[in-house]
Amino acid sequence: CCYLPVRGPGPNNAFKPTPLRYAKHMAGTACHVLGSTTRRGLIQALGGMNTQSEPSHTPTLEEVVTAFDDRRDWVVSNNGSKLRCEYGLYALVPLLTDALPKIRNATGRIHIMFDLIPLARRDIRVVEAAKDRLQDRSKAVRMHACEVLAYSLRHDAIPSLEPLLDHPVAETRATAAAAIDAIQHQNHHFYLDREHKGTSFWVVDPQDDPNYKPRPWQIRQERQ
């Protein structure tokens with residue numbers, strides 16, 4: 001079986017996602033002190049590291065735009081990691097979605113759309129931001145926008161995806177079609193498993209893994 005983890009080497013700048021053997025990386029690899037794809041780890045990554053006290057201040061929109069508006073991948077990756085670890089991805093959603101149209105360099109937009117995939121089912125603002133990015137100049141941004149919508153499994157995203165079926169770029173047409181197929185079948189794995197063979201899985205949340213087994217402490221936590 002092949003898996004596409006939400007975290008691996010970083011945002012996919014190639015258009016078609018490459019099937020990867022699932023490694024035990026979590027949604028918040030940027031927060032280096034977290035090291036497993038447990039549900040607790042995912043929640044900590046999305047919620048931020050400051051669980052004992054509130055951050056000293058919330059970054060401004062201008063600060064977020066500046067952090068991501070750079071063509072150097074390592075700079076954007078480092079800045080994004082610091083923001084996620086300090087404030088948590090979920091808390092940054094309104095700033096990230098507002099920053100997207102203001103960021104000139106595609107590298108920053110690619111990173112943001114990639115980072116927002118795990119929240120596609122939790123926050124409608126992420127879904128709306130993905131719809132807006134379907135016409136982005138960068139095909140990698142368009143790809144990650146399609147991924148957000150595919151993972152959301154929202155039927156109301158299909159009308160936004162359908163115009164891409166006539167896009168001049170073949171990869172964009174294929175990615176939009178795969179997203180629509182996943183939504184229609186209510187199976188996000190079909191975004192990757194485009195022939196419906198049942199041998200490839202797209203693991204965003206640990207529970208997306210068909211072999212996922214909660215640990216005893218997780219079972220106890222869910223019962224509380």
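Which way, left-handed or right-handed, do α6 and α7 cross? The crossing is left-handed (left-handed if the near helix is turned anticlockwise from the far one by less than a right angle, right-handed if clockwise).

## Ground rules

You are looking at a predicted model, where local features need pLDDT of at least 70 and side-chain atom pairs count only at pLDDT 80 or more, while totals for chains, interfaces and linings use all residues. Residues are numbered from 1 along each chain as its sequence is written, and side-chain values use heavy atoms, with hydrogens and water left out.

## Two helices that cross

Back to that crossing. Helix α6 covers residues 124-132, and helix α7 covers residues 139-152. (Helices, H or I with at least four residues, and strands, E with at least two, are DSSP runs numbered from the N terminus.) The two helices pack at an angle of about 140°, and their axes are 8 Å apart. Here the axes are lines fitted to C-alpha atoms, for helices over the stretch in contact, and angles run from 0 to 180 degrees between N-to-C directions. That angle makes α6 oblique to α7 (under 35 degrees is roughly parallel, over 145 roughly antiparallel, 65 to 115 roughly perpendicular, and the rest oblique).

Who meets whom? On the α6 side there are Val126, Val127, Ala130 and Lys131; on the α7 side, Ala145, Val148, Leu149 and Ser152. Lysine 131 is buried, at a relative accessible area of 17% (buried means under 20%, exposed over 50%, partly exposed in between, with a 1.4 Å probe and protein chains only). Setting aside neighbours within four places in sequence, lysine 131 is in contact with Leu149, Asp156, Ala157 and Ser160, where contact means heavy atoms within 4.5 Å.

## A cluster of rings

Now for the aromatics. Searching the whole structure turns up 2 aromatic pairs. Rings of Phe, Tyr and Trp (its six-membered ring) pair if their centres lie within 6.5 Å; planes under 30 degrees apart count as stacked, over 60 as edge-to-face and the rest as tilted. Tyrosine 151 and tryptophan 202 make an edge-to-face pair, 5.7 Å centre to centre with 70° between the planes. This pair links distant parts of the chain, 51 residues apart: tyrosine 151 is in helix α7 and tryptophan 202 in strand β2 (residues 200-203).

Tyrosine 191 and tryptophan 202 form a tilted pair, at 5.3 Å centre to centre and 35° between the planes. Tyrosine 191 lies in the loop between α9 (170-185) and β2, so this pair with tryptophan 202 ties together parts that are 11 residues apart in sequence. Put together, Tyr151, Tyr191 and Trp202 form one aromatic cluster. Tyrosine 151 is buried at 4% relative accessibility, tryptophan 202 is buried at 2%, and tyrosine 191 is buried at 0%.

## Charges over the rings

The charged end of arginine 121 sits over the ring of tyrosine 151, 3.8 Å from its centre, and the charged end of arginine 194 sits over the ring of tyrosine 191, 5.1 Å from its centre. To qualify, NZ of Lys or CZ of Arg must be within 6 Å of the ring centre and within 35 degrees of the ring normal.

## Positive phi in the loop

Most residues other than glycine have a negative phi. Glutamine 186, though, has a positive phi near 50°; this residue lies in the loop between α9 and β2 and is partly exposed at 42% relative accessible area. Histidine 196 has a positive phi of about 55° without being a glycine. The loop between α9 and β2 is where histidine 196 is found, and at 34% relative accessibility histidine 196 is partly exposed.
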